[in-house]
Amino acid sequence: MSCYKGKYADELIANATYIGTPGKGILAADESTGTIGKRLSSINVENTESNRRALRELLFCTPGAMQYLSGVILFEETLYQKTAAGKLFVDVMKEAKVLPGIKVDKGTVELPGTNGETTTQGLDGLGARCAQYYSAGARFAKWRAVLKIGPNEPSQLAINENAYGLARYAMICQENGLVPIVEPEILVDGPHDINKCADVTERVLAACYKALNDHHVLLEGTLLKPNMVTPGSDSKKVAPEVVAEYTVRALQRTMPSAVPAVVFLSGGQSEEEATVNLNAMNQYKGKKPWSLSFSFGRALQQSTLKAWAGKDENVKKAQEAFLARCKANSEATLGKYQGGGSLSEGASESLHVKDYKY
Amino acid sequence: MTPTTFRVVPHTTIVFIYKSPTLPADSPRKQLAILLVITNPLPHSPFQISLSSTNFFLHTHRKSRFESPMASASFVKLNASSSPWIGQRSFNQRPGSSSRLPATRVSVVRAGSYSEELVKTAKTIASPGRGILAIDESNATCGKRLASIGLDNTEANRQAYRQLLLTTPGLGQYISGSILFEETLYQSTTDGKKMVDCLREQNIVPGIKVDKGLVPLPGSNNESWCQGLDGLASRSAEYYSQGARFAKWRTVVSVPCGPSALAVKEAAWGLARYAAISQDNGLVPIVEPEILLDGDHPIERTLEVAERVWSEVFYYLAENNVMFEGILLKPSMVTPGADHKEKASPETVAKYTLTMLKRRVPPAVPGIMFLSGGQSEMEATLNLHAMNQSPNPWHVSFSYARALQNSVLKTWQGQPENVEAGQKALLSRAKANSLAQLGKYSADGESEDAKKGMFVKGYTY
């Protein structure tokens, strides 16, 4: 068998293609309980299930926002949660033609013998969990592998180990009807320039696709969630056109055109930065046989959180902020974002946290 | 007289001949000639030499590995007012991958000094409506072709045959590149014109076969591997100065023999090393892992093997830091084995082949030039046409040998009076494949000969 041809093959291909629909992208709302706690505490809100539910309802029920989204990634808890009126979140999404997704990895652990490099856990019992998530309504999954750039990093061990984990995860997902989002995030931390980031990104992606191919993953039923190719966080910034050129070129060199779409992570860029870069990529003239879209977490939610501050009377204002970002990124996938405009508070605030741990 | 100064840039050798005035009648020699050879091996510093005699003539200057493609350029005459640069580029250009000058180019890892030229050459070969004429048969293999029409395998006959092909008027409309065997690269026509010049005039890029053939792979399941890495760098540099701008290396994989993991790994690694060396010496590498037609396997099995082989090939190419914008591929189409009970329609071949390419070939690769591998002339054209019915991320075209030459040989029969007819036959096949590349070919009016299969079991080049 050259690649997965099981009972979900057609569905996987259709769902992966749908997620890459021009004008749409993914909202990453899969923060673990611990991580969402950090977000909530930044606006002085207590980390209770009720507050977590309220935040997610605010987002998913924003009038007019869902048309700009093709998928939402959820944390396990949220997959089973309901609106205040008693409707399952997954049903809200289904009606709005938004595919529910689910984070399935169990976080990173350090690789012994390396300089703080990590691998991602979560393969044990993954098949059974995926089957369960599928019956609960999930149609795609996400697994975040993390690599960093340093004088000797990423090491070949870290690259191989993370690529292997992604490939095993991808195959197990496909066997259980979930489109795997393959996410090899190369952290932006460091003083390196954009050339170094390009070199590392190309090497990592080449290794990932080699592993996916060795594991017989059906590429047409996957998505890639890479970092954009940028200078390091401690290095001078470059124009969006440069980010676009380097990023598209890295993909041209590594990503087969069988993969229908790329959904970029924002990785600590500000809301505006991430949108402007995505826009530049969709305006860039060059071979782009895949869709270029977004899968943003912080870069979609930051100003919304600030506007909400946990207060009921702020919900409408917060939803307006969220809608604005969704619309902006939707336009960016079409290369039509005009930029700037009336930015909400926090839209141009950098969201970079050094050595970010989910 | 005022000395004339020459500035000799890095990595350049310059040769002067001193010819004395005619010596007195009673001297043993008529004229004295001295060869003065000056080399600048320094990576960064040019130097100057001054000559104070009109009797020194610049004989040649030769760029070594790193500089611009002017190696076969003009002689420069001594005269008082000129102070020419030897080497047309400023010495600020990055002389090679070991340079410590700051990288000016965007693609640091995969840059060599030929990067731009490689990209341009690859794009030229991958131009719409055009493909490659492969005439790189070794002398032995060319002998088989000549024998099939009753001719002896002599250099004169090989010259006559290649001359017929390469002087075909209008060939450059449909052909963008031609792969030559070493003998042909250094040959001239019977009129004394260099074969490479015949090609250049038609805007056809000359290419050169650089591998040294297949030999048995020890420890494998009766499989082969391709030789040719030893001395490849200097051979490639030589071919470049002779006018070649792309190279070809053909390795094979056998489906009935497995293929074994060893054979696939060796094929892919050899190709990757060859590709890196070629680029370093200014030649666009054509990457050719031919999955042989031999066998009775179904098309699904061919797809599996092709996906495995190309996955390995691209991974090793990446490891060897090959620049994908400056390579071309020469894959076999994905078809059932020759002995399989069902033949596949062109639409099926196109579907499976494009699926394979989309799953394995990064869009950065500019062109995919298919080999015909024993298909009939018409089959090869029809399959190519089927693959070009909708836009592809890369130029999808042909690099045919037998599928372009078969009718030509039969028409020529070695007779001088048939040369024009032979050339017409070549042009007709080239045009058919050009139309196929544009997705506009029609099979009406094809001859019976064009439909004849050319599969030879266990075919060795």
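Me: What makes up the secondary structure of chain B in this predicted model?
Reply: Chain B of the predicted model contains 13 helices and 16 strands.

Me: Why is the pair Tyr114(B) and Tyr240(B) called tilted?
Reply: The ring centres of Tyr114(B) and Tyr240(B) are 5.2 Å apart, and a pair requires centres within 6.5 Å. The planes of the two rings make an angle of 55°. Stacked applies under 30 degrees and edge-to-face over 60, so the pair is tilted.

Me: What makes this pair a tie between separate parts of chain B?
Reply: Tyr114(B) belongs to the loop between strand E6 (85–86) and helix H1 (115–125), whereas Tyr240(B) belongs to helix H6 (residues 232–242); the pair therefore ties together parts 126 residues apart in sequence.

Me: Why is the pair Phe314(B) and Phe324(B) called edge-to-face?
Reply: The planes of Phe314(B) and Phe324(B) stand at 90°, and edge-to-face applies over 60 degrees. Their centres are 5.4 Å apart, within the 6.5 Å limit. Both Phe314(B) and Phe324(B) are buried.

Me: How do you know that the charged end of Arg245(B) meets the distance condition for sitting over the ring of Tyr240(B)?
Reply: The charged end of Arg245(B) is 3.7 Å from the centre of the Tyr240(B) ring, and the cut-off is within 6 Å.

Me: Why should residues 61–109 of chain B not be read in detail?
Reply: Over residues 61–109 of chain B the pLDDT is below 50.

How values were computed: Residues numbered from 1 in each chain as written. Chains lettered and ligands numbered in written order. Predicted model: local features only at pLDDT ≥ 70, side-chain atom pairs only at ≥ 80, totals over all residues. Heavy atoms only, no water. Helix = DSSP H or I, 4+ residues; strand = E, 2+ residues; numbered from the N terminus. pLDDT = per-residue confidence, 0-100. Contact = heavy atoms within 4.5 Å. Phe/Tyr/Trp six-rings, centres within 6.5 Å; stacked < 30°, edge-to-face > 60°. Buried < 20%, exposed > 50% of the residue type's maximum accessible area, 1.4 Å probe, protein only. Lys NZ or Arg CZ within 6 Å of the ring centre and 35° of its normal.
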